[in-house]
Amino acid sequence: MPNPLRRLQHRLKRLGLLGATSLLLAAAAQAAPQEGGVLNLVAQPEPPSLSHAVVSHVATQYVSGKILQGLLTFGTDLKPIPVLANHWDISTDGLTYTFALQPGVAWHDGHAFGADDVLFTYQQFYPQLDKRMADIFGEYLGSIDSPAPDTVVFHLKKPFAPLLSLLGSGLRPVVPKHLYEGTDFRDNPYNLKPVGTGPFVFDEWKRGSYIKLSKNPHYWKPGLPYLDGVVFHVIPDASSRAAAFERNDVQVLRAGDADYADIKRLSALPGVQTSTSGYELYSGLALLQINTRKPPLNNPKVRQAILYALNRPFIVNNIFFGAGKVAQGPFLGAYHDPQLRQYPYDPAKAKALIAEAGVDLSQVRLRLLNGEKGGAWERLAEYTKQALLPLGIKVQVVTSDAATWYQRVSDWDFDLTYNFIFQVGDPYLNNAYLYRADYILKSTPFVNVGGYNSPEADALWQKVANTPEGPQRQAVYSQLERRLNDDLPIAPMFEMSYSTLYHQQVKNLLRTATSLNEDYESVYLDGPGQ
Amino acid sequence: MSDLLYVLSRLLRAVAMILGVVVLCFVLVRLAPGDPAQLMAGDAGIDDPAYIAQLRQSMGLDRPLPEQLLAYVTGIARLDLGYSYPNRASVWSLISERLPATLLLMGSALLLAATVGVLLGVVAARSRQRRRWLDGLIAQGALLLYAIPPFWLAMVLVLVFSVQLNWLPAFGMQEVGGQLHGWALWRDSLAHLLLPCLSLSFLYLAMYVHLARSAMLEVMAQDHVRTAYAKGLGYWRILLAHQLRNALLPVVTMVGLQFGQLASSTLLIEVVYAWPGIGRLLYDALSQRDYALLLGVFLVIGTVVVVMNVLVDLLCRLLDPRIQAGALY
């Protein structure tokens, strides 16, 4: 207890205000973060790698986010917050980004962190590893240099508004040059035992059981972290994860750790808190991907009719147990134009559009490819089959395991399929790949697999990237969103809401827009350590 | 046939059987749709077709299927099970890390099911004349256990003994970071093993109760047992040497036959209890179409099942001299 409090207590006692002093001290004790304890979390699925610099898998980010750090992260208002960059300046023409690095930062192996690491990371590491990064840097980045040991400057050839979003901790952390330079980045052994600058140090990975991180005693923020360690338990079955949470064996369940049907019950348990915040940077959008190459789906009116025929409020409330809200358009948050035309549930209008399209549906049988995403998605597929029947559209639900779904969608071997993506802040960074014609690729389901090809939309994507942040850029985004919303190559279904369940002893858990992937430097356990 | 010849012929058949398992699994796995290179690239967030093609080439998936099969079989002959690209580790290192946990769970469940099952079966058979209620109780209880699916039973046991009563841990093989030694470590390990072992063993225990009971009833009515009583042999000698030894034959045969089924039940139980065995490894390998790991797990499970069957054959030969003499089978 701090000495001033003791002195105050003594004086108050002398004044006979014992009751008041007790209350004051209790409040002070509650406010002060407690050191120690181990936070138990769930690793689901078990991550394929422990470095999210190499593998962008969600499970990898969850673990690796406590070890590796980037230049910055984002608050819940999506404003950048310093991490390894102490502060930064952007020139008025948007062409020069100057980052001042934090002083006194060391890698977990004791090697000093510096501008060399940042230069290596963004000049060599990501451009070699990541085609999207290479494309963006190739088009926009002139050079990166370091005029001083603690300064890094990005010189752009033309403005690129989402640059800061691209450099966030959650997406592209800085990697240690001394451990990666001259190696095969993907096969580097440190991908499985990462060395970072974060508040937690990799300790042990017992495959199939747990991943253990321990406190970084030399963390560059004095006094942090509060926790002694973090353990990620590998618990494959959802019911078992729920049981472990009920027993307080694990203190946090992320969205996806528990079944949709189980969330309500678990959140009603004593001492359990629920929050949907912390996902602002990873806004999930459930969507119906449509193969626009095939008749009658090559007709925009048919695609619009399909969306009118789907009762999305019913889907959200009854199939997904209220975990979301009906999507208002292809973009979310600040990038969405509230004036956008909507597609409310209207079976009559859907039928009218089919008639207007003049397509013969008698011989059409659409294959709705259903992957292994869980019970709610299976029910959604069955519901879609029933909902489209009154339009004369016969749907065959083809259910397969995740690997089969992945291959068929990647190879364009589908008519309809449900999927979801994360809008990582700026839609240009992720959503764009679902629509851009240069990403009509047979590679993954997260590119333009539907074959949408609109020169107008492509030009608007280009324009949105080149326009500096501000009202003018927002106007371009509105124009683009209108185009996509009218053509409807992808039907936006609902904005997914992610519930995090946690025991109330866990404090400071959800602080930023990437909370669960954050470094947890200020998370603490208020109560007995685990 | 001499013992040595018999053992050699069984071993030879076992090797042929394992080779058949390898070829069959190889073909079946490749018939399933799904591309490991695409999945791996997707996990890494890469959508570059050139990278996917390069990955496919480095995995050897661009070569003709017979050539891949030949390379795989040749590798096995050199005791090389291949490399798991998604895990960036050799298949053997991944399996050897998990196999002991699976064998522990299977072994303990089998031991429990066989010993308690036979014991209860014998008690039930011996109680048939004077304590019919006990015979009925054991037989009906076993029937009840037989009717309960192990997966469901596992969930119920977790809810009752872990969540409600808080007596036993809900998942895992040992406490993480517990720094336990000696008796405390044993106690912790046993506490973690108990529920998975019970969930897995009950179904088999029920079967063995019925098998042992009916075999005992049959043996007890046979002439050589009546003769043993007439000769004035002691109770335990008659029970162990004349009745149980003969009654054990069908149980032992069934243990061998069911070992493969036990292995598949184990995989399910491992998922419920987050038991770090090869069950989850197999599931993940299947999801990722990690061919090398998938085949490696199939091969190991297949080998364990085949070896177990060879051992059971040998045990039956030991228990019943008529098999040795070639009078039976």
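Mentor: We shall take cysteines, annotated spans, salt bridges and aromatic rings in turn. This is a predicted model, in which local features need pLDDT of at least 70 and side-chain atom pairs count only at pLDDT 80 or more, while totals for chains, interfaces and linings use all residues. Side-chain values use heavy atoms, without hydrogens and water, residues are numbered from 1 along each chain as its sequence is written, and chains are lettered from A and ligands numbered from 1 in the order in which they are written.

Trainee: Is B:Cys197 buried or exposed?

Mentor: Buried means under 20% relative accessible area, exposed means over 50%, and partly exposed lies in between (1.4 Å probe, protein chains only). B:Cys197 has a relative accessible area of 8%, so it is buried. B:Cys316 is likewise buried, at 8%.

Trainee: Which residues of chain B does UniProt list for "transmembrane region"?

Mentor: The unreviewed UniProt entry lists residues 12-32, 103-125, 137-163, 190-211 and 291-312 of chain B. Such positions are given in the numbering used here, feature names are shortened, and annotations may be inferred rather than shown by experiment. We can then look at the model: helices (H or I, at least four residues) and strands (E, at least two) are DSSP runs, numbered from the N terminus. Residues 12-32 of chain B are 95% helix and 0% strand, with end C-alpha atoms 31 Å apart. Residues 190-211 of chain B are 100% helix and 0% strand, and their end C-alpha atoms lie 29 Å apart.

Trainee: How many salt bridges are there over all chains?

Mentor: A salt bridge is a side-chain nitrogen of Lys or Arg within 4 Å of a carboxyl oxygen of Asp or Glu. By this rule there are 32 salt bridges over all chains. One of them joins A:Asp130 and A:Arg172, at 2.9 Å from N to O. This pair links distant parts of the chain, 42 residues apart: A:Asp130 is in the loop between helix 4 (115-129) and helix 5 (131-140) of chain A, and A:Arg172 in the loop between helix 6 (163-166) and helix 7 (177-180) of chain A. Both A:Asp130 and A:Arg172 are buried.

Trainee: What are the partners in the salt bridge of A:Glu469?

Mentor: A:Glu469 meets A:Arg473 at 3.3 Å, N to O. A:Glu469 is exposed, with a relative accessible area of 51%, whereas A:Arg473 is buried, at 1%.

Trainee: How is a pair of aromatic rings described?

Mentor: A pair of aromatic rings is described by the distance of the centres and the angle of the planes. Rings of Phe, Tyr and Trp (its six-membered ring) pair if their centres lie within 6.5 Å; planes under 30 degrees apart count as stacked, over 60 as edge-to-face and the rest as tilted. The whole structure has 39 aromatic pairs over all chains. The ring centres of A:Tyr62 and A:Phe232 are 5.3 Å apart and their planes stand at 75°, so this pair is edge-to-face. A:Tyr62 lies in helix 3 (residues 58-64) of chain A and A:Phe232 in strand 10 (residues 229-233) of chain A, 170 residues apart. A:Tyr62 is buried, at 1%, and A:Phe232 is buried, at 0%.
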